[in-house]
Amino acid sequence: MKLASLKTAKRDGQLIVVSQDLKYAVKVEHIALTLQQALDDWDTKAPLLEQVYRSLCAGKQDKCFEFNAQLCSSPLPRAFQWADGSAYVNHVELVRKARGAEMPESFWTDPLMYQGGSDDFIGPYDDIVFANDNWGIDFEAEIAVITDDVPMGTEASSAASHIRLLMLVNDVSLRGLIPGELAKGFGFFQSKPSSAFSPIAVTPDELGDNWQDSKVHLPLLSYYNAALFGKPSAGQDMTFNFAQLVAHAAKTRNLGSGTIIGSGTVSNKQGTGHGSAIAEGGVGYSCIAELRMIETIREGKPSTAFMSFGDTIKIEMLDKDNQSIFGAIEQKVCKLA
């Protein structure tokens, strides 16, 4: 099924069920007011929501209305936890190679993960607002899962059963602030501002055969200033699948229902090199930094600038019939008033 949250005066929005073709929606306050409420009692609420979904898709649901993704917040406007991994080790290797740093062998066996701010996600159509555009503003196209309660010590072999929903992510990064923060030895903070998620969160069964081995086997599309920038396959070159990422996060703590775990920037290793642009016949990139790394490796320095005020980014995933699965993230970079 497909779920979304309408923006309301209340912080957590209002849960709605959306039809498979994203044309219609219905409010379900009699089942759960918010997505978090549904996740907190998933075993009871999910079957009831599924009944509404089937009725809506069959055209038999009363009180439905036309769905407008621009009226939505991120499915969870705020979450108890947001942890982002780096499952595509090709991306990590690229970044390190460009600055002449060797990549530790452990990166292939032990996932990277950081804990991001989750109290104030921005909506899929909200502007990306900053005081300056000289901070190295970059988008990062990713996929994320939402879990139910995951007990501490859950192994990867059983972690997949705790994955309830999937979404797309724009994990906004400020590349110019990252080096200074990491040099302090205490991790990201200012350099990782609010992320945005697709308007729709879907249950894994909506992906059909494209959900296998806890991976999404479909291209993730990024359009930078309306031009196709990347279309890497999300199931390819994913060193750690979502079950492994969930298990990694739960190694030393319980994960509460509504925990969001991100994949990290989707990245494919093409041919003998690390990747190539769409114009070169490749699948492109899911962030500007990766293109800049290729330029640095090839030419000694980057030539593509990061995002400036007025630039736009669109992130979307289509099914085999070219229909949007999650709806799109469409954002513009704007100056803080």
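Student: Which strand does Val26 lie in?
Tutor: Val26 is part of strand 3, residues 24-27. Strands here are DSSP runs of E, at least two residues long, numbered from the N terminus. This is a predicted model, where local features need pLDDT of at least 70, side-chain atom pairs count only at pLDDT 80 or more, and totals for chains, interfaces and linings use all residues. Residues are numbered from 1 along each chain as its sequence is written, and side-chain values use heavy atoms, with hydrogens and water left out.

Student: Is Val26 buried or exposed?
Tutor: Buried, with a relative accessible area of 4%. Buried means under 20% relative accessible area, exposed over 50%, and partly exposed in between, using a 1.4 Å probe and protein chains only.

Student: What does Val26 touch?
Tutor: Leaving out residues up to four places away in sequence, its contacts (heavy atoms within 4.5 Å) include Ile16, Val17, Val52, Leu56 and Phe65.

Student: Ile16 and Val17, then. Which residues of strand 2 are buried on each side?
Tutor: Gln14, Ile16 and Val18 are buried on one side, and Leu15 and Val17 on the other.

Student: How many bridges join strand 2 to strand 3?
Tutor: Three, and the two strands run antiparallel. Strands count as paired if DSSP finds at least two bridges between them. Ile16 has Lys27 of strand 3 as its bridge partner.

Student: What about strand 1 and strand 2, how many bridges there?
Tutor: Five, also in the antiparallel sense. Val17 in strand 2 stands opposite Leu3.

Key
Helices (H or I, at least four residues) and strands (E, at least two) are DSSP runs, numbered from the N terminus.
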